[in-house]
Amino acid sequence: MATPHESHSQVSLTKFLTVFPKTLNPPKLLELSNLDRQCPLHMYLIFFYNPSSVYSNSSLDLVFTKLKIGLEQTLSIWFPAAGRLDRNSTDGKLNLRCDNRGAILVQAITNVKLSELGDLSNYNEFFENLVHKPVLNGNFSEFPLVVAQVTRFGCGGYAIGTGISHSLFDGPAAYDFLSAWAANSAIFKDHQYGGELLHRIISPMHERGRLLTGSVANRCSRSGTGTVAVAIDHLYKLIMQSAMGNEEEVGKKEYVCKTFRVNRGMIERLKKNALGENGVAAAFACSSFDVIAAHLWKARTKALSVSKEKMVCLQFAVDARNKLMPPLPKGFSGNAFVLASVALTAKQLEEESYKTIIEMIRNAKSQVDNDYINAYQHGLEGPQASLPPLKELTVVSDWTRMPFHKIEFLHGQATYASPLKPPILEVAYFLQNPADSQAIDVHVPLLEHTFDAFSSYFLTRMQ
């Protein structure tokens with residue numbers, strides 16, 4: 001398996017461009033919501049495409065040029081992606097200056113073959129060479145919001161590594177942006193296919209509208225419901241617990257990212273083992289997300305040997321687009337996810353039944369309504385700071401409704417679309433498996449010394 005330390009595995013950068021919108025938009029300042037400001041760092045995703053006879057005789061320059069042209073067209077419509085973040089000198093809050101400064105596109109080659117990377121669903125340190133990572137240096141005004149690198153492998157396969165600031169788009173918006181870029185690039189697609197794909201692309205709505213601070217504050221004062229954003233309350237309690245515990249700092253390099261493929265049969269066995277013989281057929285409905293999230297929380301907490309008296313927390317992203325009243329417009333391109341949360345002591349989590357924990361998860365979902373979202377936004381109003389490492393926290397982000405592997409930058413779907421290590425290492429992703437639409441790939445960062453224990457706990461109930 002290739003590693004970045006082997007001489008034959010080096011990636012050589014051959015071209016570096018700033019890509020500007022084909023049609024320049026008038027400069028404007030786009031006010032961001034508190035949801036946008038939570039994580040301004042890049043989320044990295046790599047699309048892998050196996051060698052194909054369709055493009056075996058085509059040059060890397062051709063692929064790069066078509067991607068560049070497609071990105072120019074896409075940035076004309078998705079114009080905030082060509083801008084830069086701008087910190088307000090008065091309150092220190094980030095907003096987005098739409099000033100046509102462009103995205104970064106890099107071309108690279110390597111002698112490594114895709115087959116040398118092994119299972120592409122499992123993180124490999126070599127993946128870090130397949131994305132362009134600009135240096136922040138604390139100055140967001142010089143930090144590009146969209147970066148991409150196209151790399152040709154020695155076997156003729158390709159990787160397209162993308163990095164998108166989370167302040168710009170959430171998952172669904174990033175999916176729509178990348179789909180639009182792929183459609184506009186039209187690499188190795190005939191005209192008819194390109195047209196079929198283009199009509200499915202949603203026109204983006206960039207204004208944050210009713211998610212902005214002023215309107216949120218007004219709605220909170222008018223509602224008078226006293227609704228509490230439970231997820232933020234739980235986070236504060238975890239941070240205070242961590243501060244009092246004098247726990248050893250854990251570095252990012254001590255984490256490994258592993259993917260566990262959970263097929264339909266495994267999901268059904270987990271439901272059967274967790275809920276009993278009649279659990280699936282009973283009136284108690286249980287989604288695949290609910291039971292896997294509950295199981296992940298139990299297994300991760302046990303593998304980390306969290307003290308039994310400590311509070312542990314499961315949080316998961318809930319899309320607020322259709323939970324606000326009125327709903328956000330179709331094509332809304334900003335961040336529209338809030339976290340729902342459940343908490344127990346580690347001892348309670350170990351002893352409670354799956355049915356009880358799943359009921360807690362479902363109840364937390366049901367609490368996410370208009371008042372909760374307003375309270376959540378209001379709770380983010382204070383100064384933002386980086387979250388310290390919290391092994392008592394497990395976060396789940398469900399990507400199963402965003403099949404990134406189906407985005408056809410080249411000919412056909414990607415062999416795999418793999419995220420890199422997330423900025424917050426407590427986050428696990430649920431991904432749709434490219435080879436089996438009914439399977440879920442659980443992509444989870446783990447402390448290296450806990451991997452064997454987690455694997456044992458996580459897989460046992462599914463055997």
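Modeller: Of the protein's 463 residues, 53% count as buried, where buried means under 20% relative accessible area, exposed over 50% and partly exposed in between, with a 1.4 Å probe and protein chains only. This is a predicted model, in which local features need pLDDT of at least 70 and side-chain atom pairs count only at pLDDT 80 or more, while totals for chains, interfaces and linings use all residues. Residues are numbered from 1 along each chain as its sequence is written, and side-chain values use heavy atoms, with hydrogens and water left out.

Biologist: Is glutamate 72 buried or exposed?

Modeller: Glutamate 72 sits in helix H1, residues 60-77, helices being DSSP runs of H or I with at least four residues, and strands runs of E with at least two, numbered from the N terminus. Its relative accessibility is 18%, and therefore glutamate 72 counts as buried.

Biologist: Which side chain does glutamate 72 join in a polar contact of 2.6 Å?

Modeller: A polar contact is a pair of N or O atoms within 3.5 Å; within protein, one must be able to donate a hydrogen and the other to accept it, and residues adjacent in sequence count only if both atoms are side-chain atoms. For glutamate 72, the partner at 2.6 Å is the side chain of lysine 68.

Biologist: How many helices and strands does the protein have?

Modeller: Helix H1, which holds glutamate 72, is one of the helices. The secondary structure of the protein comes to eleven helices and 15 strands.
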